[in-house]
Amino acid sequence: MKQITPSRRTRDNLSKALAMPESQTPEFFESRSIPKLLLEFSAPAIVASLVTASYNLVARIFVAQRFGTDGVAAVTVSFPIILIFLAVAMTIGAGTTILISIRLGERKLDKAEEALGQALFLSVATSAIFIAFGQLFMEPILVFIGASETVLPLAKSYLSVVLWGVLTQHIAYGFNNFIRAEGKPRIAMVTMFISALTNALLDYVFLFVLRTGIWGAGLANVLACAVAAAWVGWLYLSGRTTLKWRWKYFRFNWPLAKLIAITGAVPFATQACSAILQTASNNLMGKYGRLYGESMGFDFDGGDFAIGIMGAAIATINMFLMPFLGFGQGVQPIVGYNCGAKRPDRTLETITTAIFYALILSVLAWIVVMWKPEWFINFFLNADEEGFPQKQALGVFALRSVMLVLPLVAINILICGYFQAQGRPILALMTSLLRQLFVLLPTLYVSTWLMQRLLGNGLSGVWFSFPFSDAVACVVTVLFFLRDVKNKRLEIAAMRQTLIETERTLP
């Protein structure tokens with residue numbers, strides 16, 4: 001009988017794994033049941049994501065109660081600028097997180113720490129550039145993205161403070177994902193709790209106790225991120241994490257920076273497209289909102305209100321979508337590790353199980369929104385303010401419209417994250433760009449023009465553009481996913497055949 005001996009590469013990998021301390025080899029990604037792993041990693045991520053959503057939701061509710069819908073409009077028109085900052089932060093964070101998961105799966109701890117050091121360098125460098133650029137060109141950018149003469153002073157007051165928290169946001173959120181990639185989701189969840197609770201407390205103190213201007217909401221955001229960033233920094237410097245910040249890796253490394261950028265291209269494209277789309281929708285809502293308000297005889301500016309109610313709708317939508325983003329974050333380290341470990345069976349089981357659970361949760365959330373949308377819209381309105389019935393009716397219609405195909409959005413989020421976790425950013429990027437850039441953006445302009453021409457209400461065209469583009473994107477994404485499933489099943493069948501043949505050769 002021929003003796004079977006492992007290859008040199010196999011022996012080397014085995015030796016590295018055996019030499020690595022147990023705390024640095026998260027092999028439970030390969031051994032524990034998938035439902036248990038999903039619960040362990042997704043539950044904290046979902047809670048953390050809900051906390052993140054409440055972060056913006058509570059801030060906008062406080063702003064609405066203090067400054068009315070003009071205040072919400074000011075935060076909304078500032079958001080495209082913030083999204084650009086977040087786009088770069090999420091590129092660094094997501095790209096590095098995926099590399100860390102894959103390198104840990106390959107048992108390459110030093111390469112994982114090198115990626116961590118590069119992420120810190122890139123965060124510091126890009127934050128300095130953004131602060132300088134944002135402060136210099138703030139006013140013309142705000143006017144370009146839809147700020148009216150009424151909203152512009154409020155938006156400048158808010159954004160001029162928020163800009164100073166760019167670096168702390170990088171560390172608080174981006175580096176928190178690295179902790180999750182190490183297999184410590186509960187610690188990552190604590191970070192989000194610290195940030196959200198601090199922000200809510202400071203929002204209340206600044207806006208309602210100290211009675212500051214809207215800049216107080218921006219200061220609350222900056223200080224909350226600073227507290228969370230200090231917590232994350234302490235975790236790394238105190239040795240409580242598997243990976244360590246090492247000074248030798250704090251330098252620019254072009255090949256590694258390029259790999260991080262390519263791997264994290266999906267969130268960058270998503271957030272950058274969101275900034276473009278929100279700029280377009282702000283301007284369209286300003287234009288058609290004013291026309292709608294004049295036709296309905298409103299005593300308030302319909303354009304500013306439409307922008308404000310869109311901000312309220314976005315905050316509410318995020319509250320429902322964040323659990324699925326959190327679910328996707330919980331899926332990614334499991335998929336990334338098992339891809340690195342060459343386990344297509346567990347990779348496929350992870351994503352199919354996650355989609356099944358997401359569908360159940362998304363349908364339940366959809367029922368709640370369609371049944372009682374006013375529960376959410378009323379948080380952003382004051383019953384004593386001028387035009388309350390008209391504002392509530394418009395807000396309810398907007399929320400129902402944009403949430404019309406919520407379950408399809410949940411599926412799309414998970415599948416895009418699944419492609420990204422496998423180190424296939426181009427495919428994930430294509431599916432993301434399809435929805436936002438190639439479907440939603442042209443649909444916004446065409447639908448508003450048609451609705452205004454045919455029904456005299458171009459504003460409705462903005463709301464209905466979102467579910468249409470979500471449905472188209474989901475169909476295309478699922479087609480790519482089914483092709484991937486077919487390939488994974490072929491890999492699994494080949495692995496089983498190899499195992500059978502190997503067992504036959506054993507004595």
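1. Angles under 35 degrees count as roughly parallel, over 145 as roughly antiparallel, 65 to 115 as roughly perpendicular and the rest as oblique. In this predicted model, helix α6 (residues 152-162) and α9 pack at an angle of about 20°, and their axes lie 7 Å apart. The two helices, α6 and α9, are therefore roughly parallel to each other. Axes here are lines fitted to C-alpha atoms, for helices over the stretch in contact, with angles running from 0 to 180 degrees between N-to-C directions. Helices (H or I, at least four residues) are DSSP runs numbered from the N terminus, as are strands (E, at least two).

2. Some conventions apply throughout. The model is predicted, so that local features need pLDDT of at least 70 and side-chain atom pairs count only at pLDDT 80 or more, while totals for chains, interfaces and linings use all residues. Residues are numbered from 1 along each chain as its sequence is written, and side-chain values use heavy atoms, with hydrogens and water left out.

3. On the α6 side, S157, Y158, V161 and V162 meet W215, A217, G218, L219 and V222 of α9 (contact means heavy atoms within 4.5 Å). By class, this contact of α6 with α9 has seven nonpolar, two polar and no charged residues. Ala, Val, Leu, Ile, Met, Phe, Trp, Tyr, Cys and Pro count as nonpolar, Asp, Glu, Lys and Arg as charged, and the others, Gly among them, as polar.

4. The loop between α8 (185-209) and α9 (215-237) contains R211. Although R211 is not a glycine, its phi is positive, at about 55°.

5. Helix α13 (residues 344-371) has two partners to consider. With helix α12 (residues 302-340), the axes come within 10 Å and cross at roughly 175°; α12 and α13 are therefore roughly antiparallel to each other. Residues of α12 in this contact include F320, F324 and F327, and those of α13 include R346, T347 and Y357. The contact of α12 with α13 comprises 13 nonpolar, four polar and one charged residues.

6. The axes of α13 and helix α16 (residues 406-421) come within 8 Å and cross at roughly 155°. These helices, α13 and α16, are therefore also roughly antiparallel to each other, and α13 passes α16 in a right-handed crossing. Among the residues that meet are I351, I355 and W366 in α13, and P407, I411 and Y418 in α16. This contact of α13 with α16 has 15 nonpolar, two polar and no charged residues.

7. The second largest pocket has a volume of about 230 Å³. Of the 13 residues that line this pocket, I81, I84, F85, F133 and I141 are the closest to its centre. A pocket is an open set of points on a 1 Å grid over the protein atoms alone where a 1.4 Å probe fits, with protein on both sides within 12 Å along at least five of seven lines; lining residues have an atom within 4 Å of a point. Grid points are joined across faces, edges and corners, and a volume is the space filled by probe spheres set on the points.

8. Helix α3 gives the most to the lining of the second largest pocket, with four residues. The lining of this pocket has twelve nonpolar, one polar and no charged residues.

Notes: Left-handed = near helix turned anticlockwise from the far one by under 90°.
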